[in-house]
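Here's a quick tour for anyone opening this one up for the first time. Take a look at the sequence and the fold, then read on.

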Amino acid sequence: MSVELYLDLFSQPCRSVFIFAKKNKIPFEFQKVSLMDGEHFGDEFGKISMIRKVPALRDGDFCLAESIAIMLYLAEKFQTPDFWYPADLQQRARVNEYLSWQHTAIRMYGSKIFWLRLMIPKIMGVEVPKEKMDGALEDLNNSLNLIEEKYLQDRAFIVGEQISLADLVAIVEIMQPVGAGLDVFNGRPKLSAWRDRVQAFIGKELFDEAHQAILGVQENMKQFDPSKLELFKPKILRLFF
């Protein structure tokens, strides 16, 4: 029996799980959970994930949250190739190092740019002060610098000559501000070349499928009903302001 994956490809962690499962030909049922429609707060999804976040996994009676935990579970259950999460002690440590760092760095700052540049001004109709945007851009660029100078250096991928979960998690986060119209690869040839290698390994068709929603978000948001965010507006503004 295939596992069920509860996903919204608008979400970076959902995209990493989706790509990992599809690339490794893991059988799964795609259960769409619309974040913008608040479906993660529904009673049915609450039975799957008490923390009410996507992605989530159900394998029979077993339910699991958090994208990293889900990918490691899938890697073990379906015995995916070693390069994703190497058995070698030091290579695995490098993957773990990146996965531990990214939560409060590129994930935080890429998401912040997405909201400050697109969702808050264009959907919620709230002006973002220039100093707030400038500070967010500086934080994002500092994280991108670290990815280039520390995590990539002169290697093809974060761990070495082969892709790993670290690269997969990195690329989906870096693509988030691209969805808001910010070309983070401009003037960064090392990062651009790495992106091309990651995309080539994943396959352009799968890469584009995973990122279709986020790269088309500016056009799709023209039909979005802003009232859906009214309930969460105070919380969102406190978070970013």
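Is C14 buried or exposed? C14 is buried, with a relative accessible area of 0%. Keep in mind that this is a predicted model. Below are some notes on its cysteines, its pockets and its aromatic rings.

**Cysteines**
- The disulfide count comes to zero.
- C14 takes part in no disulfide, and the nearest cysteine sulfur, that of C63, sits 15 Å away.
- While C14 is buried, C63 is partly exposed, with a relative accessible area of 30%.

**The largest pocket**
- The largest pocket holds about 1,400 Å³ of space.
- It's lined by 39 residues, and the closest to its centre are L35, K53, R107, W115 and L239.
- The top contributor is α5, which gives six residues to the lining.
- Sorted by class, this lining has 20 nonpolar, 10 polar and nine charged residues.

**The second largest pocket**
- Here you get about 290 Å³ of space.
- There are 13 lining residues, with D8, F10, K32, M36 and A213 the closest to the centre.
- Strand β2 (28–32) and helix α10 (217–220) each supply at least two residues of the lining.
- By class, the lining of this second largest pocket splits into nine nonpolar, two polar and two charged residues.

**Aromatic rings**
- The structure has 13 aromatic pairs.
- One of them joins F18 and F28 edge-to-face, at 6.3 Å centre to centre and with 85° between the planes.
- That pair links distant parts of the chain, since F18 belongs to helix α1 and F28 to strand β2, 10 residues apart.
- Both F18 and F28 are buried.
- Y98 and W101 have ring centres 5.5 Å apart and planes at 55°, so their pair is tilted.
- Y98 and W101 are three residues apart in helix α4 (residues 89–102), which puts about one helical turn between them.
- Y98 and W101 are buried too.
- F20, F83, W84 and F201 make up one aromatic cluster.

**Charges over rings**
- K77 lies over the face of F78, 5.7 Å from the ring centre.
- R195 lies over the face of F185, at 4.3 Å from the ring centre.

How values were computed. Residues are numbered from 1 along each chain as its sequence is written. This is a predicted model: local features need pLDDT of at least 70, side-chain atom pairs count only at pLDDT 80 or more; totals for chains, interfaces and linings use all residues. Side-chain values use heavy atoms; hydrogens and water are left out. A disulfide is a pair of cysteine sulfur atoms within 2.5 Å. Buried means under 20% relative accessible area, exposed over 50%, partly exposed in between (1.4 Å probe, protein chains only). On a 1 Å grid over the protein atoms alone, a cavity is a set of points where a 1.4 Å probe fits but cannot get out, and a pocket is an open set with protein on both sides within 12 Å along at least five of seven lines; lining residues have an atom within 4 Å of a point. Grid points are joined across faces, edges and corners, and a volume is the space filled by probe spheres set on the points. Helices (H or I, at least four residues) and strands (E, at least two) are DSSP runs, numbered from the N terminus. Ala, Val, Leu, Ile, Met, Phe, Trp, Tyr, Cys and Pro count as nonpolar, Asp, Glu, Lys and Arg as charged, and the others, Gly among them, as polar. Rings of Phe, Tyr and Trp (its six-membered ring) pair if their centres lie within 6.5 Å; planes under 30 degrees apart count as stacked, over 60 as edge-to-face and the rest as tilted. A charge sits over a ring if NZ of Lys or CZ of Arg is within 6 Å of the ring centre and within 35 degrees of the ring normal.
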